[in-house]
Amino acid sequence: MRRFSYNEVKVLDGLFKRRMDVNKEYLRELDDTCLLQNYYLEAGVIMPGLTIVEDPAKAKLHWGWEAPSCQLRGHFLGHYLSAASMLVANDGDEILAAKLRHIISELRRCQELNGGRWAGPIPEKYFEILTTDRYIWSPQYTIHKLLMGLLDTYKYTGNEEALQILSGMADWFLDWTADMKKRCPDAIFKGEQAGMLELWADAYGVTEDKRYLKLANIYKGQKLFKLIKSKSVDALTDDHTNASIPIIQGAARMYEVTGDIKWRDIVEKFWERAVTERGMYATTGSNAGEFWIPPMKLGEYRGERGQEFCTVYNMVRVAEYLFKWTKDSKYEDYIERCIYNGFLAQQNAETGMPDYFLSLTTGSKKEWASKTRDFWCCQGTMIQSAAKYPEMVYSADDDSKILYVNQYIPSKLDGRIGDIYVKVVQSLAMKGYDAQTLFDEHGTYEKSRWKFHLDVEIKGRKGISIALRIPEWTGDKTEITLNGEIKEVSHATDGYLVLTNVKSGDAIDIFFDAEVKAERLPDEADVAAFVDGPIVLAGLTSDIDSIVGDFESPSEFLRPVTEHTYDTFLWLQNNYRTKHQTRSIKFIPLYDVKDEEYTVYFEEIRPER
């Protein structure tokens, strides 16, 4: 199973395209010199106008975690390189392409000024501190982001100079790890090194340069792997969430480049420990602060510092590995839930900025980052996630000639399944009130966002199979037709309905039957969130956290709110208002909440009979 490359899939107008565009505009407006500021400082390059900073408030510098005084400085540029290169690969954006070329050229200049190998934004001596008991804030994390960005720039845009810089840094790490093996072996696994294993394994998979495999083998000795395999030990509770997930991504990439089944076994066991056995909030998170919570203790640990965005992004990447190997739709169902209630919900629709922690308490409020004064870790993963949509929609099984439709996002695919050229246009099939809707077979559903239309074009006379994911949340009224012929949805296997011998000119129509359901907390059964299909709803209230009614029948106390709109959809979607309550409140998708106070979880008050 493989994903299509970024240049083969274009996201079409709609909710996701808008969020991508907001992200792209942010990447375009950031100043190259500010992005490079810490690399320049480390290489001794004096930036224009900054020989002396007379007024720090007016200085043209990035602050927050990118401030020259922060030990994590420079991490954001790595994320930037990854996100920008993905977008350039997708649509050839000339402004971002030029910025990438300039930034990579300047990084190479800094590397040469540093002696030809080190290209980092922090001093090399930070790595020496790892051999002591002194506090140092994650030097391997910082450098990993740079190395990831360099490799992605090479993978997605073919920039050879980026690979040159990575090669020099690999030589530095070969020497450093050799020295540490003699003097202080534990230092190799300090400084939040979690992403290094995947980075080196991926670099080997891309280049077949054995130096990278050597580094991967050095970083494969993670203690977490033994704990994950043990059934008698809770390997995750109170562990740093975003420091553990990338380690598992490393195991996943090791399985792909070595073929050793033990790595896959670790990834699958991690999923059992992290998701299946632990449970998750309706929004998918299962961390408090930045730490894993105990299994099924979601109510006890629900607070203001929940669902760190980095964990959402990284868990999606683990799920992508697992789906690639298994073709099991449960991973794509999980990804869909993350997309709506993490990727979208924690991104400001107007600025593109992230909400670091998604609060799940009564009267919560999202805290958005600024564009140049914060640069949290989540600001980096956010710009990558908002560039990721094109590769999330479709997959190909070349041997079986099957196209998988994994996510329902308006898009256009131009690619190949094996040796067969395929073009698929996926569009939203919502209709407005005009003469035609009077004769619409689904007249009662014409306002639903869950109606899709696929047009298929194939070069040659061969047909292909198209596998459509049947979401776990859809109801009995789900209907799929091929050229008007109804297909039996109950025949779906592994969560996919496979349509065989689809030919050029064929049309597929899809209707998913969504309804609001209550998802209760495992340790507080009388407390629940309301989920409409995959979309978590937020009540716009600062002080109401209980509802009178039977949560098994939300329609008893929620009525739909429908009005015409000139926004993403013709009609307002997934909006409700309570009824039969002392005070009425409105529910909207959590991802539509900007600066309003909101509440996601409510206590069930059973009505007196």
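Leaving aside its neighbours within four places in sequence, which residues is Asp32 in contact with?

## Asp32 and its partners

They are Lys99, His102 and Ile103, where contact means heavy atoms within 4.5 Å. Asp32 sits in helix α2 (residues 32-43); helices here are DSSP runs of H or I with at least four residues, strands are E runs of at least two, and both are numbered from the N terminus. Asp32 counts as buried because its relative accessibility is 13%, the cut-off being under 20% relative accessible area with a 1.4 Å probe and protein chains only. Its side chain also makes a polar contact with the side chain of His102 at 3.0 Å (N or O atoms within 3.5 Å, one able to donate a hydrogen and the other to accept it; residues adjacent in sequence count only if both atoms are side-chain atoms).

## Ground rules

This is a predicted model, with local features needing pLDDT of at least 70 and side-chain atom pairs pLDDT 80 or more, while totals for chains, interfaces and linings use all residues. Residues are numbered from 1 along each chain as its sequence is written, and side-chain values use heavy atoms, leaving out hydrogens and water.

## The sheet

Five strands make an open, mixed sheet ordered β1-β5-β6-β10-β13; strands pair if DSSP finds at least two bridges between them. At the edges are β1 (2-3) and β13 (496-502). Strand β10 (residues 464-469) runs antiparallel to β13 over five bridges, and Arg469 stands opposite Tyr496 in β13.

Note on methods
Buried < 20%, exposed > 50% of the residue type's maximum accessible area, 1.4 Å probe, protein only.
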